[in-house]
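This report describes how the parts of one structure are arranged. Look at the sequence and the structure below before reading on.

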Amino acid sequence: MLEVTNLQVKLEDEDKQILKGLTLTVPAGEVHAIMGPNGSGKSTLSYVLSGRDGYEVTGGSATLDGENLLEMEPEERAAAGLFLAFQYPVEIPGVGNMTFLRTAVNAQRKARGEDELSSGDFLRVVRERAKALHIDADMLKRPVNVGFSGGEKKRNEILQMAMLQPRMCIMDETDSGLDVDAMRLVADGVNALRSPDRAFLVITHYQRLLDHIRPDVVHIMADGRIVRTGGPDLALEVERNGYAGIVAEGT
Amino acid sequence: MTDTAARTAPAEIQAQAQTQAQTQTRADAPQKSRGIQTPEVVGGTQPAPAPRLEALQAPQDGCTAAARRDAMQRLVAAGLPKPRDEYWRYTDPKLLNADTPAPLAIGDEEPQMFGSLDRLRLVFVDGVFDPAASDAPDADGVRIETLQAADAQPGHWIAQSYGALEAAGQKPVVRPFAALNTAVATNGLAIHVSARVARPVHIIHRRRDEAADVVLHHVIRLDAGAELTLIETGMAGARENTVIEADLAPGARLHHIAAIRAAGTRIGARHIFACVDEDAAFKSFTLSLNGTLMRHESVIDIAGDDSVAHVAGAVLGDGAQGPFHHDDTVFVTHGAERCESRQVFKKVLKNGAVGVFQGKILVKPGAQKTDGYQISQALLLDDDSQFLAKPELEIYADDVRCSHGSTTGAIDPVALYYLRSRGVPKDRAIVMLVLSFLAEALAEVEDDDLRAEIGDRLELWLNRHATADSHRAGSA
């Protein structure tokens, strides 16, 4: 589903290479985890795939079901089925969470040539999915992420994912700032979305999240590349021995 | 959003105020708190009135005749404003000073705002009351007369009120166009509110003559405990000079909501003078869309203890169809204890539009426990637009809380990316972020239904202008 080949990316304003030939394949139905030390380029990868400004691709390719992601606007990537759960979800005062969700859902449907959801249908679906994530009616009414706790913001990201039903979900350190209970809620939300035609790329520092979201494949990233790929056991090895050994071996 | 936005402001922007300037004043020593002082402003010094003043005809025989003569003297003494006057440095008064406005084509009428609201409609065509198009101007708790009808009655209450707050509001800053208005206005309303009025009074402006130079003067008197919602919509003339004087007795409440849509080369000067007595509440919100030159002045005298005065504005300016310049000039005087004032002004500017904010809070000696707040912010949607802000605090009491802030910025790129990453197209995402930016000003409209309708109108305007921009970009 997601094919990243020899991707090279530098900062637009600075002569600083972040990704140095990253190659990664995530097939449909699988959950892949990316782990790696600080500064290895994990978040940059998620930004470049979702179309954030400020980066320049200097080589390589990234495709979603054969479509060139790198030539698409962020909203086109979203309509094509890509979703990034932000590490730091953005607060948008004055825009209701519900309005935001409905605008996003209907914009994607429109871009795909589907009918927009009626407000009745939308309301029914959003209430049902919010309930599963313990998101109450008040959180739906409040402005997007304003005054939300860290856990509420992350649950709100998963609610957006559940509403938008993307096929390729990238989660950027969704576990950061979460307590154990919130992490379980988030993981349950993600696990409920697992399906044969959907794939996940879970970026995390720690093995802990992967106890709840069981990955099929674990990649270790260092200095802008994938340095090792393995099964779930690789995450446990990192937990025991740290990154140093793996990174040294891979470079 | 503005924190990030402020950092990304284009370098060309001249922001008079320091970005994110926040001043908290809780002064122990009065001298310390007088940080921002402005020189006393005196009006023009030319002895002979300009030709335009000589040509002015003031009605001679009504019960307001004395007030008009006084106003004419004030005007002649002050003279018409000149670009170098302290309070006209950012706004060239030339178009307001001109003898006549340039004719302005009459476009299609916008869909009526607040159409579903149960309200008392009073229609003005080119500034003249049209009784046939209006509801009967009577309702429980309020007596509404035209200025002309009131003027013709000897001993009418308006003889005492007409021009009184305007005259008081000429110090320490002269407001020549308000004096001019008082001197010559023959149209407007005298509204006497004696109780709580359930139905809002809705003044609707329409246009017929392309060159109409409209002068309107409304005098509103609210008795103790009386309450009124006053709405103004539509477009008055090719040029407008409106004065509203509102005198609130103890415990009275006035909600004023104006949605001023301008088209083409329209110019206007509006003044609101309010005097707020004990326990009373004055709240005014103005939505301004387009216009070549608009100057809105609010002069609020907080005279009674425990009273509240809020003035707020949301301005959307697009310079694509010609120059856009919008100036909000506010002067709030705290002269009583435990009062609250708010100035909340938000301007969205694009295609070379210029926004100005001059806002002052004056806390007089003895006005203890004053709670004053002022925020002026501009969202610049391109590098060509400009926001000029001059916040002023002048405080002579030692137990007050006054804060002000002014920011100038662009759309927050991270928020824009966030919305787009959810599939919201760029144009639509910008509209959402603009609405987000305006939300604090809009929140000053207390009534949920009215606020929702204003929000819808804003969204309509924003979507239309976003489309126009992408068409231009496409054809360029």
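## Chain A as a whole

The model is predicted. Chain A contains 10 helices and 12 strands. Its radius of gyration is 18 Å, close to the 18 Å that the globule rule gives for 251 residues, so chain A is as compact as a globular protein of that length. Taken along the principal axes, the C-alpha atoms of chain A fill a box of roughly 55 × 40 × 35 Å.

Of the 251 residues in chain A, 44% are buried. Among the contacts in chain A with a separation of 6 or more, 71% are made by residues 24 or more positions apart.

## The antiparallel sheet of chain A

Strands of a sheet pair through backbone hydrogen bonds, either parallel or antiparallel. In chain A, 4 strands form an open sheet with antiparallel pairing, and their order is β2-β1-β4-β5. At the edges of this sheet are β2 (17-26) and β5 (67-68) of chain A, each of which pairs on one side only.

Strand β1 (residues 2-11) of chain A is joined to strand β4 (residues 55-64) of chain A by 8 bridges, in the antiparallel sense. To find a point on this pairing, look for A:Lys10, which stands opposite A:Glu56 in β4(A). Helix α1 (residues 42-50) of chain A lies across β1, β2 and β4 of chain A. The helix runs at about 70° to β4(A).

## Two helices of chain A

Two packed helices are described by the angle between their axes and the distance between the axes. For helix α6 (residues 150-164) and helix α7 (residues 180-193) of chain A, the axes come within 10 Å and cross at roughly 5°. An angle under 35 degrees counts as roughly parallel, and α6(A) is therefore roughly parallel to α7(A).

On the α6(A) side, the contact is made by A:Gly151, A:Lys154, A:Arg155, A:Ile158, A:Met161 and A:Ala162. On the α7(A) side, the residues are A:Ala182, A:Leu185, A:Val186, A:Gly189, A:Val190 and A:Leu193. By class, the residues of this contact are 8 nonpolar, 2 polar and 2 charged.

## A buried residue in chain A

Is A:Met171 buried or exposed? A:Met171 has 28 C-beta neighbours inside 10 Å and therefore counts as buried, the cut-off for a buried residue being 20 or more. A:Met171 belongs to strand β9 (residues 168-172) of chain A.

Neighbours within four places in sequence left aside, A:Met171 is in contact with A:Ala85, A:Phe200, A:Val202 and A:Ile203. One of these, A:Ala85, is 86 residues from A:Met171 in sequence, while the C-alpha atoms of the two are 4.7 Å apart in space.

## Strands of chain B

Chain B has an open sheet of 10 strands with mixed pairing, in the order β3-β4-β5-β7-β9-β11-β13-β15-β17-β19. The edges are β3 (138-139) and β19 (386-395) of chain B. Each has a single partner strand, so one side of each is left without a neighbour in the sheet. Within the sheet, strand β9 (residues 239-248) and strand β11 (residues 267-276) of chain B pair in the parallel sense over 10 bridges. B:Glu245 stands opposite B:Phe273 in β11(B). Helix α8 (residues 176-184) of chain B packs on the sheet and touches β7 (213-222), β9 and β11 of chain B. The direction of this helix makes about 85° with that of β9(B).

Strand β16 (residues 340-350) of chain B has 9 of its 11 residues buried, so β16(B) is largely enclosed by the rest of the structure. Strand β14 (residues 308-318) of chain B runs parallel to β16(B), joined by 11 bridges. There, B:Gly313 has B:Phe345 in β16(B) as its bridge partner. Strand β18 (residues 371-380) of chain B also runs parallel to β16(B), with 10 bridges between them. The bridge partner of B:Val348 is B:Leu379 in β18(B).

## Where the chains meet

The contact between the chains involves 18 residues of chain B and 23 residues of chain A. On the chain B side, the elements that give two or more residues are α9 (413-421) and α10 (426-442) of chain B. The largest share, 7 residues, comes from α9(B). By class, this side of chain B has 11 nonpolar, 3 polar and 4 charged residues.

Conventions:
Residues numbered from 1 in each chain as written. Chains lettered and ligands numbered in written order. Predicted model: local features only at pLDDT ≥ 70, side-chain atom pairs only at ≥ 80, totals over all residues. Axes fitted to C-alpha atoms, helices over the stretch in contact; angles between N-to-C directions. Parallel < 35°, antiparallel > 145°, perpendicular 65-115°, else oblique. Contact = placed C-beta atoms within 7 Å. Nonpolar A, V, L, I, M, F, W, Y, C, P; charged D, E, K, R; others polar. Pairing = 2+ DSSP bridges. Rg over C-alpha atoms; globule rule 2.2 N^0.38 Å. Buried ≥ 20, exposed ≤ 12 C-beta atoms within 10 Å, placed from the backbone.
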